[in-house]
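Subject: Structure for you to look at, with notes

Dear colleague,

I am passing on the structure below, together with some notes on what turned up in it. Please read them with the model open beside you.

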Amino acid sequence: MTAAPTFAGGRPKLRLGVNIDHVATVRNARGGRHPDPLHAAEIAIAAGADGITAHLREDRRHIRDDDIARLKARIDWPLNLEMAATSEMVDIAVRVCPHAACIVPERREERTTEGGLDAAGQHNTLYPLIEELRAAGIRVSLFIAADPAQIEAATALKVPVIEIHTGTWCEALADGNADRAAVEFDRICAGATLAHGFGLEVHAGHGLDYVTAEAIAGLPELMELNIGHFIVGEALMRGLAAAVQCMRAAMDRGRAQEASRGASQEASIRYPAGPANADPVT
């Protein structure tokens, strides 16, 4: 892999991790092998993704064990395994040895991950699991809310990375609740700043689309966005490669605007205008 390009002021390009879970959801709806998540990962990488994310849930509702094994064996780009904090998942991660493991909360009855992990309340459970992953050479991240207590807990657990849950902000925008969106975005900004100050690498994800990804890409502390459901949905309309390219372009616009704006312009990119599914300008 070549060195990541930079924007004005030396700001590195924001990485895009494409989550392929819902390619597997479509496959599993009918059974068989099509569409293949591995093929989707290869297309996403060729189109500009910087890594692939896949969540191996305990109930195996979409990604399956053999998907993870094939992804690790066949793709050269970083593989980020999302996983629950269980001994079974740690054993799988240690055996497969992905580039990264992101520990997420998981409940059987949920449609998707709801909220962030309670790192503060589960320190004693998480610590030995994190140590085992770390010993295997796996970069560990925690999927948490932009809450000071959770960020401080992540620091105490000695993880190098956190991923900030952006779903509540995205939902507020989609509902047209500007006041709630403003509060949530301020929480994300403050959380990213706090985490960066603690020396954590800061990622973000959940519920992002072209418009929200472009807006949040302007936060200088962010190093990576992980996006799946929206990209897979867009792939039905425009093709997977085109959807990844549009997302990449939106993120690059947001990062370039952040690098070039002055302090007096800061508010202009804080909140996206228009509908959350607005077609990007490419």
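Lys 158 is found in the loop that runs between α6 and β6, where helices (H or I, at least four residues) and strands (E, at least two) are DSSP runs numbered from the N terminus. Its phi is near 65 degrees, which is a positive value in a residue other than glycine, and Lys 158 is exposed, with a relative accessible area of 52%; here buried stands for under 20% relative accessible area, exposed for over 50%, and partly exposed for what lies in between, with a 1.4 Å probe and protein chains only. Most residues other than glycine have a negative phi, and most peptide bonds are trans.

Please keep in mind that this is a predicted model, in which local features need pLDDT of at least 70 and side-chain atom pairs count only at pLDDT 80 or more, while totals for chains, interfaces and linings use all residues. Residues are numbered from 1 along each chain as its sequence is written, and side-chain values use heavy atoms, with hydrogens and water left out.

Two other places concern the backbone. Cys 97, in the loop between α4 (87-96) and β4 (100-103), also has a positive phi, near 55 degrees, and counts as partly exposed at 30% relative accessibility. His 34 and Pro 35 are joined by a cis peptide bond with an omega of about -5 degrees, and Pro 35 belongs to the loop between α1 (21-30) and α2 (37-47).

Turning to helix α6 itself, which covers residues 148-156, its buried residues are Gln 150, Ile 151, Ala 153 and Ala 154. Seen down the axis of α6, these fall within an arc of 160 degrees (taken from the directions from the helix axis to the C-beta atoms), so they line one face of the helix. They pack against β5 (139-144), β6 (161-165) and α8 (178-197), a contact being heavy atoms within 4.5 Å.

How many aromatic pairs does the model contain? The count comes to 2, under a rule by which rings of Phe, Tyr and Trp (its six-membered ring) pair if their centres lie within 6.5 Å, with planes under 30 degrees apart called stacked, over 60 edge-to-face and the rest tilted. One of them is the tilted pair of Trp 169 and Phe 185, at 5.0 Å centre to centre and 45 degrees between the planes. Because Trp 169 lies in helix α7 (residues 167-174) and Phe 185 in helix α8, this pair ties together parts that are 16 residues apart in sequence. Trp 169 is buried, with a relative accessible area of 1%, and Phe 185 is buried, also with 1%. The rings of Tyr 210 and Phe 230 have centres 4.8 Å apart and planes at 90 degrees, so that pair is edge-to-face. It links distant parts of the chain, with Tyr 210 in helix α9 (residues 210-216) and Phe 230 in helix α10 (residues 229-238), 20 residues apart.

Finally, α4 packs with helix α5 (residues 123-135) at an angle of about 10 degrees, their axes being 9 Å apart. The contact involves Val 90, Asp 91, Ala 93 and Val 94 of α4, together with Leu 129, Glu 132 and Leu 133 of α5.

Methods
Axes fitted to C-alpha atoms, helices over the stretch in contact; angles between N-to-C directions.
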